Amino acid sequence: MAIAPFETPKLKPYPVIPLVAVGAMAHSKPYVASPIIQARLGFPGELEDGWEQRAVGKMGELLGKYRSLQVYMDSCVHCGACSDKCHYFLGTGDPKNMPVARQDLMRGVYRRYFTFAGKHFPKLVGATDMTKEVLDDWWTYYNQCSECRRCSVFCPYGIDTAEVTMAAREIMDSVGLGQKYANEIIGKVHRIGNNLGIPEPALANTLAGLEEDVKEETGLDVRFPLDQEGAEVMLVTPSADFFSEPHVESLIGYAKVFHAAGISWTLSSKASEAGNFGLFIGNYEQMQKISLRVKEAAQELRVRRLVVGECGHAWRVAYAFWNTLIGPFDWLDSRYPVPQHICEMTYDLIQQGAIQFDKEKNDDRIITFHDSCNVARASRMGSMPGGQFVIPREIIKAVANRFHDMSLGTTHEATFCCGGGGGLLTDDLLELRVKGALPRMEALKNVVDQHGVNFMAAICAICKAQFSKVLPYYGFDMSMVGGVHQLVGRAIVLGRPH
Amino acid sequence: MSLLSIAYAALFYLATAVLVVGVALKIRRYAGVPAPLLIPTTPAPTTTTGVALRMTREVVFFESLFKASKWTWIFGWLFHAALVLVLLRHLRYFQQPVWTPVVWVQAFGLYAGFAMVAGLAGLWARRFLVDRVRYISTPSDHLHLALLIAIGLTGLGMRFVAPTDIVAVKAFMLGLMRLDVQPLPADPLLLLHLALVALLMLVFPISKLLHAPGLFFSPGRNQADNSREVRHLAAWAAVYDKQK
């Protein structure tokens, strides 16, 4: 199926809330997972008779397992606070991309089967039966949510659409309707060890190649160790860091930091992926299974610290969920936070004066920073709330001279999603991804025009891949996006060649 | 004793029972369903005290709504703050002697009646004027606003247009609390006002009015951001914990 042509939204000098355009994105749907992909995760292969009751049954189960879902289903008053907060609504105008309307796709069914008012007065409260039409709407619009939580910042009750989307995807999976991109990747991570499906020999080969490249650049033996037993740190990083541009530049940056600070470290072929798509499909069991590889690998390699590379949703799972999923971590070095973000590690080393920089090396770059949604709104760095905003910016300022933030309301906890998160980074959703990037692109355009910004740093593999793809649609160069450790790697002082 | 007084007494006993039992059951449900993962919307406080402060700002000032939409915040906060004063003012019907703070609040509570209706009118106007809010509004959203405005207007009507015998009303209410039904004045405005209030109490536990208890149980707001320091484990998730 070819992607139908679509028009890239025009960048406006200031944000404009679009008028409601009913059905504007009704055609946007991801590919459906094949029965084989579904079977690998233990999900039914396709919709079978009686799926309606099973879906409602699954909803009942989830309502009893997740307080978030139960409370969020009851608490919405339709105040509209969230209605202009979703980047997909701002980019498309489709009213079902307003968080409240997206939630209501499930709330209608919830009311019908689980509340007094919906059982007896369905029309009055907008309750709907679980029908194929409703399921089609779920499929369309729960695959137009990147689970970025921006709406939850503004909701007076803290209702988080991500929780509703995750529950909807879990329910759809449970009746045999799975999303190809996400579920195929989860299968790969179990079979091969990472989302990209890079086998161990190819990984070893790539790392050896990187050692040669860095040797050529610096004359130094900067190592990229794989499966090295007894290393102090195991680095868990998104597999895109091994093969994709600009991701690999950050991997080189991490390696140089470890080298300069004299910290022994290793990657793991078993846990060669920080990403955890179990989060995106709302499946606790998958999320735990994928996390468990990290624990097993760390124990096999007898490392003492866990450090996570530049990946937004992986950091959410690691920071907020690992202790629950695979903890406790009493077997690791308690002098360091478990897990620790690579930015936390680098920042600490900068504070201690353990690494130095030649900031002029980055003088050709005028830099801005894109807060990734899962880092901004679902995790932390350092010991202070909001450290996730301070630490990456302080690193950038320590390694480069020219930095400008994008405007308030588009950064920190109000940051806009790149448009490709939450399991939507697939070409079958390209139109959605391009349009969903609009708010971020407008904010970027402003700093480009005002300050001549030519580099947008991010700490998320999905953000980097998404921006590389959509920047050209808005007339920007795809190489404008890169990692924070890409900047670190360029400026770090490594000493003279031996 | 008139049939009317007995009917209204019965109505209020029923409405009170539904309100109290209904909300209690909902709270039991919210408290009983586990929160398996830590999902506070960050940046979030790292301590319980911090969470209490965040929740207080949310309950008293509608902090998040303020960030979201100034118009909705103005009308919403005005309505809720006025409602609190109006409810406090009405406490005098249930107390003898009347608490001093309730005496103090009488003058404010009177003007709050207007503020309450103004806030509700603003909130209702948004449902017609803002296309996004128009799109999401259901018949029940409009009816909730109509109900609250009607309660406010009938109340103001009794104060400024057609006064009722409030001494008798107070005797009726105090009687209800002693299970001793007293005669209720048969003024149409009063009967309408009371019937609408009873209706509001009846729909509370089965409607979006549950946002009031819901906020306190919202994991996005009531959890501390301490996932690395404290291990958080819910009962059903502990089963998976053992399998690993």
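This is a predicted model: local features need pLDDT of at least 70, side-chain atom pairs count only at pLDDT 80 or more; totals for chains, interfaces and linings use all residues.
Let me start with chain B. Its secondary structure comes to 12 helices and 0 strands. Read along the sequence, the pattern is therefore plain to write: α-α-α-α-α-α-α-α-α-α-α-α. Along the principal axes, the C-alpha atoms fill a box of roughly 70 × 45 × 40 Å. Chain B has 244 residues, and 33% of them count as buried. Now the contacts within chain B. Take those between residues at least 6 apart in sequence: 74% of them join residues at least 24 apart.

One helix of chain B for a length check. H8(B) covers residues 166-177, which is 12 residues. From first C-alpha to last it reaches 17 Å, close to the 16 Å expected at 1.5 Å a residue. After H8(B) comes Leu179(B), with a positive phi near 60°.

Next, the contact between the chains. How many residues does each chain put in? Chain A gives 59 residues and chain B gives 57 residues. On the side of chain A that touches chain B, 32 residues are nonpolar, 17 are polar and 10 are charged.

One residue deserves a stop here: Gly76(B). It is found in helix H4 of chain B, residues 70-90. Is Gly76(B) buried or exposed? Buried, because 23 C-beta neighbours lie inside 10 Å, and the cut-off is 20 or more. Who are its contacts? Set aside neighbours within four places in sequence. Then Gly76(B) is in contact with Phe62(B), Leu65(B), Gly119(B) and Leu123(B) in chain B, and with Cys79(A) in chain A. For scale, Phe66(B) is 10 residues away in sequence, and the C-alpha to C-alpha distance to Gly76(B) is 9.9 Å.

On to chain A, helices to begin with. Helix H12 of chain A runs over residues 200-218, 19 residues in total. At 1.5 Å a residue it should span 27 Å, and its end C-alpha atoms are 27 Å apart, so the two agree. Just after H12(A), Gly219(A) takes a positive phi of about 75°.

Now a helix pair. H15(A) is residues 284-300, and H16(A) is residues 312-326. Their axes come within 10 Å and cross at roughly 90°. That makes H15(A) roughly perpendicular to H16(A), because angles of 65 to 115 degrees fall in that class. Which residues make the contact? From H15(A), we have Met287(A), Gln288(A), Ser291(A), Leu292(A), Val294(A) and Lys295(A). From H16(A), we have Val317(A), Phe321(A), Trp322(A), Leu325(A) and Ile326(A). By class, that contact has 8 nonpolar, 2 polar and 1 charged residues.

Last, a sheet in chain A. It is open, with 3 strands in the order E5-E6-E7, and the pairing is parallel. Which strands stand at the edges? E5(A), 367-369, and E7(A), 481-483. Each has a single partner strand, so one side of each is left without a neighbour in the sheet. Neighbouring strands of this sheet are turned by 40° against each other on average, direction ignored.

Look at the pairing of E5(A) with E6(A), residues 455-458. The two run parallel and are joined by 3 bridges. Phe369(A) has Ala457(A) in E6(A) as its bridge partner. And over this sheet, helix H22 of chain A, residues 461-470, lies across E6 and E7. H22(A) runs at about 160° to E7(A).

That is the tour.

Methods:
Residues are numbered from 1 along each chain as its sequence is written. Chains are lettered from A and ligands numbered from 1 in the order in which they are written. Two residues are in contact if their C-beta atoms, placed from the backbone, lie within 7 Å. Ala, Val, Leu, Ile, Met, Phe, Trp, Tyr, Cys and Pro count as nonpolar, Asp, Glu, Lys and Arg as charged, and the others, Gly among them, as polar. Helices (H or I, at least four residues) and strands (E, at least two) are DSSP runs, numbered from the N terminus. A residue is buried if 20 or more other C-beta atoms lie within 10 Å of its own, exposed if 12 or fewer, and partly exposed in between; C-beta atoms are placed from the backbone. The expected span of a helix is 1.5 Å times one less than its number of residues. Axes are lines fitted to C-alpha atoms, for helices over the stretch in contact, and angles run from 0 to 180 degrees between N-to-C directions. Angles under 35 degrees count as roughly parallel, over 145 as roughly antiparallel, 65 to 115 as roughly perpendicular and the rest as oblique. Two strands pair if DSSP finds at least two bridges between them.
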